[in-house]
Amino acid sequence: MRVTDGDRRWLAAAASIAARGRPLSRPNPAVGAIVVRDGKVVSHGWTQPGGRPHAEAMALLIAGGDAKGATLYVTLEPCAHRSERGPACADLVCAAGLARVVVGCQDPDPRTSGEGIARIRSSGIECDLTASSECERSLAGYLIRARIRRPEITLKLATSLDGCIAMTDGRSQWITGEAARAHTHAMRARADAILVGGGTLRADAPRLDVRLPGLETLSPERWVLTRGDVPAGWRALPSPDAVYSMSHVQYLFVEGGAQAASAFLKAGLVDQLLLYRAPILIGSGRPSLGDIGLSTLAEAHGQWRLADRRQLGSDTLEVFDRQV
C-alpha cells in the first residue's frame, strides 16, 4: 500500500510522543507508537524509563483486543532480537492481529535492521517503511551513535544582537530573559550530558542543573572541556574528539563559553545550533565565538539550515541543523 500524507502525519504525531521518553529511555532510543483505527487513536505509547517496555509494547498492551485490524504507526522499526529484559517487539506486533504497520525509520542495529519488518510481513501483516524526517529527528541521538559512534551534539549560544555573550569584564547575567532561560532548562532536561569549557567553570561555577518545577530530577551529567582536574560531580572531556568515548551518551548539550563552542565548531562536531538572541546591543563585549577554522568566506556558506524560529518573550530563538 502506498504511504499517504495521512500516514506521514501519524508518524509525525508518533515522533512527538516519543519525546516523552527522552532522556530516561537510555540506553535505548526514545521511540513513539500510535495504534489507529478508522482515523481515531486507539492507544499510544513511548519507551519507558530504562528502555523497557518499548513503545510498541506499551501501545499494544493498552489497546488490547482493539488492536485487531488496526494500524500501528511506530517511529523506529520494531526490534527483532529477543532479550532477557523483554520479548522482541516484532513478535508482539505479529501476535496483535494488526492489519498494517507503518515504520518511520529503519533500525541500524544489525540485530534488527530489516529483520523486524521482514518478520512482520512474513506473518501476513502489511508493513510499510517510509523515510520520515520527523521520526529521524526524534531519534537523532540514537541514529548518530549507531552510525558514527558519538552523541548528537547541540550547541547553545545566548547572545546580544551584535553577537556578544558578555560585557567586556565578563558579566553575562542576564543577556536573555526569563522565557529564554526557561527554554534552555527544558533543553537541558532532554540531554544525557551537558558540557562547558574550563574557563566558564572557573569563572562562573555554573550549576548546569534543571530548575523547572517537576523536571529537577532530569538534570544531565556535568562535563567540562579540560585536561586538568575537575570538581566532584563533574567529568572531564580532554578534547572535542573525545566525544567518541562517551559511549553511554546519546545527546550532548554544549552550553559555553566561546572557547568550547569554537572548539566543537572547528572540529565539525556540532549537529544542531540553538541561537537565543536578545534585543540588546553591547558593543565592545565578549564575542560568542573565536576561530572556528575558516580560511575563506565561501566555506561559511551552505553549512546550516534554519529548522525552527520562535519568539520567547522579547528574545528570539533560531534552531539550525547542520547541512549534511
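This is a short tour of a predicted model, stop by stop.

Local features are described where pLDDT is at least 70, side-chain atom pairs count only at pLDDT 80 or more, and totals for chains, interfaces and linings use all residues. Residues are numbered from 1 along each chain as its sequence is written, and side-chain values use heavy atoms, with hydrogens and water left out.

**Stop 1: the annotated domain**

Select residues 5-136. UniProt, in an unreviewed entry, lists this range as "domain: CMP/dCMP-type deaminase". Positions follow the numbering used here, the feature name is shortened, and such annotations may be inferred rather than shown by experiment. The range is 32% helix and 19% strand. Its end C-alpha atoms lie 17 Å apart. Helices (H or I, at least four residues) and strands (E, at least two) are DSSP runs, numbered from the N terminus.

**Stop 2: the aromatic pair**

Searching the whole structure gives 1 aromatic pair. Show Trp10 and Tyr73: their ring centres are 6.1 Å apart and their planes meet at 25 degrees, so the pair is stacked. Rings of Phe, Tyr and Trp (its six-membered ring) pair if their centres lie within 6.5 Å; planes under 30 degrees apart are stacked, over 60 edge-to-face, and the rest tilted. Trp10 belongs to helix α1 (residues 5-18) and Tyr73 to strand β3 (residues 71-74), so the pair ties together parts 63 residues apart in sequence.

Now colour by accessibility. Buried means under 20% relative accessible area, exposed over 50%, and partly exposed in between (1.4 Å probe, protein chains only). Trp10 is partly exposed at 22%. Tyr73 is buried at 5%.

**Stop 3: Asn28**

Go to the loop between α1 and β1 (32-37), where Asn28 sits. Asn28 is buried, at 17% relative accessibility. Its side chain reaches the backbone oxygen of Gly51 at 2.9 Å. Beyond neighbours within four places in sequence, Asn28 contacts (heavy atoms within 4.5 Å) Thr47, Gly51, His54, Arg85 and Gln250.

**Stop 4: charges over rings**

Select Arg22 and Tyr251. Arg22 lies over the face of Tyr251, 3.5 Å from the ring centre. Then try Arg181, whose charged end sits over the ring of Trp174, 4.4 Å from its centre. The test asks for NZ of Lys or CZ of Arg within 6 Å of the ring centre and within 35 degrees of the ring normal.

**Stop 5: Pro238**

Finish in the loop between β10 (234-237) and β11 (251-256), at Pro238. Pro238 is partly exposed, at 38%. Leaving out residues up to four places away in sequence, Pro238 touches Leu225, Thr226 and Arg227.

Technical notes: Polar contact = N/O pair within 3.5 Å; in protein donor to acceptor, adjacent residues only side chain to side chain.
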